Number of protein chains: 4
Amino acid sequence: MKTMRAARWHGTRDLRVEEVETPVAATGEIVIKVKRCGICGTDLHDYAEVPTKSIPVDNPHPLTGHKAPIIMGHEFAGDIAEIGDGVEGFKIGERVTVMPLHRCGKCYFCQRGLYHLCVIQAGTGLQWYWGGFADYCKVKSYNVYKMPDTMTYEQGALVEPTALAMYALDRGNMKPGDNVLIAGGGPTACFTMMCAQAAGAGAVYMTEIQPGRLKMLKDLGVTEAFNPTECNLDKELKERTDGVGPDIAIECTGSEGGINDCFHVLRKRGMYVQSGLSVGQVLVSPWEWALKDLNMCGLWCYNTYDFEKTIKMISTGKVAVEKLVTKVLTLEQIVDAFELLAFNKDGKEMKMQIDMEL
Amino acid sequence: MKTMRAARWHGTRDLRVEEVETPVAATGEIVIKVKRCGICGTDLHDYAEVPTKSIPVDNPHPLTGHKAPIIMGHEFAGDIAEIGDGVEGFKIGERVTVMPLHRCGKCYFCQRGLYHLCVIQAGTGLQWYWGGFADYCKVKSYNVYKMPDTMTYEQGALVEPTALAMYALDRGNMKPGDNVLIAGGGPTACFTMMCAQAAGAGAVYMTEIQPGRLKMLKDLGVTEAFNPTECNLDKELKERTDGVGPDIAIECTGSEGGINDCFHVLRKRGMYVQSGLSVGQVLVSPWEWALKDLNMCGLWCYNTYDFEKTIKMISTGKVAVEKLVTKVLTLEQIVDAFELLAFNKDGKEMKMQIDMEL
Amino acid sequence: MKTMRAARWHGTRDLRVEEVETPVAATGEIVIKVKRCGICGTDLHDYAEVPTKSIPVDNPHPLTGHKAPIIMGHEFAGDIAEIGDGVEGFKIGERVTVMPLHRCGKCYFCQRGLYHLCVIQAGTGLQWYWGGFADYCKVKSYNVYKMPDTMTYEQGALVEPTALAMYALDRGNMKPGDNVLIAGGGPTACFTMMCAQAAGAGAVYMTEIQPGRLKMLKDLGVTEAFNPTECNLDKELKERTDGVGPDIAIECTGSEGGINDCFHVLRKRGMYVQSGLSVGQVLVSPWEWALKDLNMCGLWCYNTYDFEKTIKMISTGKVAVEKLVTKVLTLEQIVDAFELLAFNKDGKEMKMQIDMEL
Amino acid sequence: MKTMRAARWHGTRDLRVEEVETPVAATGEIVIKVKRCGICGTDLHDYAEVPTKSIPVDNPHPLTGHKAPIIMGHEFAGDIAEIGDGVEGFKIGERVTVMPLHRCGKCYFCQRGLYHLCVIQAGTGLQWYWGGFADYCKVKSYNVYKMPDTMTYEQGALVEPTALAMYALDRGNMKPGDNVLIAGGGPTACFTMMCAQAAGAGAVYMTEIQPGRLKMLKDLGVTEAFNPTECNLDKELKERTDGVGPDIAIECTGSEGGINDCFHVLRKRGMYVQSGLSVGQVLVSPWEWALKDLNMCGLWCYNTYDFEKTIKMISTGKVAVEKLVTKVLTLEQIVDAFELLAFNKDGKEMKMQIDMEL
């Protein structure tokens, strides 16, 4: 039995770097030698909260049959190490990134190509045992997307979070010249801002409370960022949009304040996009939806086939998302990284990645 | 000075049938001899509530310069009695119905043909002094739509509320074969149900609490109606939709319960339509919007040019909205009618109309 | 070896009713006892023309490996007779209809749920050996859709051509109240007209040259039908649409005349839908597309999952497509039927079906 | 009577720089001191062809009452020199650009905000007497859009052709990451390419025959340009799009070859956009539209309110359309410029502008 290093989730705040069995590619599967894997906000929720939202603890997952301990990590890139039977179109050694969603292929949504809405979907490193914080990870062949030669592993590990941002623009139907408001200044908000700029936004405005983050946002390319607790956001935005308000508001905080800020400042017939996963109930004023004749939508992941376009956006340099990587660590440092990001939020770090070869 | 009868709003619960000056058509205006005018839910809110939502009391309206007293009534049909200078395409005696919204014609929204979103819009019988509960009413020529010979005045006075319902389907992008849920069983909900059936809905389900109304809904053509307090609505709908849930939910109650019912039962990527004007704040769970990858929208009135299509739907018999008229009264009975509808809600009446010639 | 009757295509104008081997359900397959099967225009093209467009003659089809002789027939309904391994959710004896397209499941389009655009797709009874003009037919389990109890086999065999018509409205984005022009008066045009009426069209106009057909169209529910060789079509339609022209034109003839009629009469920003398969090159004026700022689309089959909605439209009586069946024959009469429809086009027959139990 | 210089069209190949009466702002009008005005392909058609397509010769235009001689020029920017009665929101001296379309404001299309489809529309410098090749030009106040301080007159005179390009992307529903083919390498094609890149296209491919132009396209930012007479365009594009073909093809030549190239190489369900005004009839194969399930549209001008977004795209540097200006001339040189562009097409010039102050 071959073994490898892996960071496994055993319970809340119980993530262990351990020596575990190396995966073997079954029929339809591919094993990837992981190079880089990013830490996602979803990872942090599962790390810090009781009960966990994503990782199955008591009962095996209906699609995968897996439950904790689970190897975490779903934003990764690496090289193909092994190819299972029945897989066509791939070669050992090819540089690839991973679309982490697994699907049943049979339900109402899978039959419509809406695999990300599969009723028993599973995420690599979440409800599927194998994950990217390990020397090797195995996935289904449909999870694997080839990287162009010019794309780095660092970029490859950023495709997944960028796909989320691209999906926000797709669903929000952003058009070139649109004025976009993004509520929040965290990683998802920043990926979204960079994609909006690359898609020809007329202006992208953001809200953020931490002074350090406000400075970072400017360096990353935001048109203008506001601290909504220190200004009249509606007034500021109206002044910059001929008195009309932004065309699209993408809510990335999930907070009651952020949500209502967006509804309040949007122009009539504007588009509200719920990107941030709000964890509880919030008070809203639905008459505002009606009075403004608003369009709205919520986002879950991305169309799985968006990965191809996202890879192209990154590899051609249209979105320089690598600017968002503020620190690269070894696998052995992963618990410290989770502790820092989950409990010591000073806002200095944006996206942290684990480099498996450091 | 010629005079006429008119029901004027002087204040909350203070509607008076009075002898007032008859309107004269100024440039660009048309005077209509009113035949039928319906009582709308908005009328009842203005009648019953303090402060009034719609009618300007202290300051004249920025577009019209009008304030209370205001002649109420915005769902009406009649004959053209007088035509002002500069109006083309109309003749004295023509049978017409009225699209009640007035607009500035200059703002961001008017420049895009979105007249119903005009920033200083005014409604006939609300922020425009003249209204349909009178022998004569004057409006702008762009408010006037001709009725086919086969259309009755009763039908003509139903075009406006039907246009609201048509707009819900338009914005909700209802497709033939769709399973539609309508929350609520009041007049707007019923207009919407009838239009959805006419547009080829696969099934239209409704929710309603009053037993009498449940029976009425069946007679009006609903596929099935449920009392959500006496059944598991989600379970009932899933059973009727292959376990998936409705494609569209049109919320017509404006209540926290109705709103959350809709979000809860919709299928993933379903469409939520906020039709009912919710008057306060409600608790919702935005993670449901995200988890289900929902589409959503709020409704304000209708595209003003929808009137032509709505007239066609009614006059060709595709929607038999005249079934919704449960009582026709004289102008002298209008205060009793308002009192009944606003304060003695037994649910027996659906749409009441005033016949100016009774 | 069990045998059964089947009508097999051996070559142009060489269709033979023969005793052939009965199919056996392999893994993932279902065998259906056929009850009713309709004759489609595509069948007639393959029957009458040299070379055949659809049926592979020299080389086996890349997806199925099949080539002539092929059992024809792809519009059929029947009972499940046998279920292969790995198939879930079906029972012997269930009444079903068939969505005839087979797909690779792997290509760019299949990955997006656009199975009808699969690059190596195969049609039952065309590029897949087994077809509906036989006592038994086997297909993939994903081809099989259950029929409600209230649906007859006659209706079940009409789901496929009705799905084509529904797809025209879906792609043409028909809205309730729209004025629709359908060029042509053949079966596809009639299915489309009936669906447009069921979807709340304001009016559906058709063109047809044969006097007998013009009469039939009226009985089937068209608003008005015109012989374009005997009237000024543009003038007639403008008179009926306030001088504007139809909102949508669905071209079902595939002829140069029909195509240009549609482009010529459409209103600006109207929608052109190419439904008829035009077999050659035609002269058009693309400046008309530009000058009118037109929307246009071509149609290939239907979204495979449209079948569920189409079944609902027929089974609830929203579209009474069974009115289009003008003759029901035995399998032994099939060659006569093909000869009549392909070479003796008097226009008296609309849709002919073979009843396997007559 | 004050006079000014103006280049007036008197007939085919008869453009004269003359001293004519200076315009005076009537009610609702604004007079602009012209600084820069570009030469458009439409100008060249009117200059070179018999009969003229745009300029009314025999009968006065139904909206404006104007006919030849007409002052040409509809791509211009300048300063406000005079403001008529009833005009609000403008000041003398403000730097502005012009949206050249005049409208009736009453027809079916104007009522829907589709002013560019007005049934009796008129273009400044075409069917409206006053044009941009003059010291002063008067237009309606709704034609005037303010320029940001950072925008040059050179850029301001490029807003109109850029708006055309933006409209192609809007109607073609281009999404970030899309592979775009543009048929043709002339000015409109180049504006469109630059906008597509700014909107985040995955790649923009162009076709062009002249070797000099091919080199220019590369400098302007095309991903790759092909000479379709010297390569297998379909093969080249399939190789660059994983064997699928481009997502969108924007046809800017109006030629039979260009049109069929686009239909031939597009992927299934791709989008065809007819931007070039094809002047005659062309042979096409509508079965290709059907077989590929294509979306298609034709373009006429632009939504008039697109100007605001286009101004923002240019002024923020998202599209550096000023690169397309290859020569700036004096008004006295205009006839030579027209002769060169219309009859000596060596392809060396892209966009030529007249500077009124040189």
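This is a predicted model: local features need pLDDT of at least 70, side-chain atom pairs count only at pLDDT 80 or more; totals for chains, interfaces and linings use all residues.

Visitor: Which residues of H9(C) does H3(C) meet?
Guide: Contact here means heavy atoms within 4.5 Å, and helices (H or I, at least four residues) and strands (E, at least two) are DSSP runs numbered from the N terminus. From H3(C), the residues taking part are Val159(C), Glu160(C), Thr162(C), Ala163(C), Met166(C) and Tyr167(C). Their partners in H9(C) are Asp306(C), Phe307(C), Thr310(C), Ile311(C), Met313(C) and Ile314(C).

Visitor: At what angle do helix H3 and helix H9 of chain C pack?
Guide: Axes are lines fitted to C-alpha atoms, for helices over the stretch in contact, and angles run from 0 to 180 degrees between N-to-C directions. The axes of H3 (residues 159–171) and H9 (residues 306–315) of chain C lie 9 Å apart, and the angle is about 105°.

Visitor: How are H1(C) and H10(C) placed relative to each other?
Guide: The axes of helix H1 (residues 41–48) and helix H10 (residues 334–343) of chain C come within 10 Å and cross at roughly 90°. Angles under 35 degrees count as roughly parallel, over 145 as roughly antiparallel, 65 to 115 as roughly perpendicular and the rest as oblique. H1(C) and H10(C) are therefore roughly perpendicular.

Visitor: What area is buried between chain C and chain A?
Guide: Buried area is the accessible area (1.4 Å probe) that two parts lose on being put together, summed over both. Here 11 residues of chain C are in contact with 11 residues of chain A. Carbon and sulfur atoms give 35% of the buried area, which is about 880 Å².

Visitor: Which residue of chain C meets Arg112(A) in a salt bridge?
Guide: A salt bridge is a side-chain nitrogen of Lys or Arg within 4 Å of a carboxyl oxygen of Asp or Glu. The count between chain C and chain A is two. In one of them, at 3.4 Å from N to O, the side chain of Arg112(A) meets that of Glu308(C).

Visitor: How many residue pairs are in polar contact across the interface of chain B and chain A?
Guide: A polar contact is a pair of N or O atoms within 3.5 Å; within protein, one must be able to donate a hydrogen and the other to accept it, and residues adjacent in sequence count only if both atoms are side-chain atoms. Chain B and chain A bury about 3500 Å² between them, 60% of it on carbon and sulfur atoms. With both residues at pLDDT 80 or more, the pairs in polar contact number 24.

Visitor: Which element gives the most to the side of chain B that touches chain A?
Guide: Elements that each supply at least two residues to that side include H3, H7 and S15 of chain B. The most, five residues, comes from H8(B).

Note on methods
Residues are numbered from 1 along each chain as its sequence is written. Chains are lettered from A and ligands numbered from 1 in the order in which they are written. Side-chain values use heavy atoms; hydrogens and water are left out.
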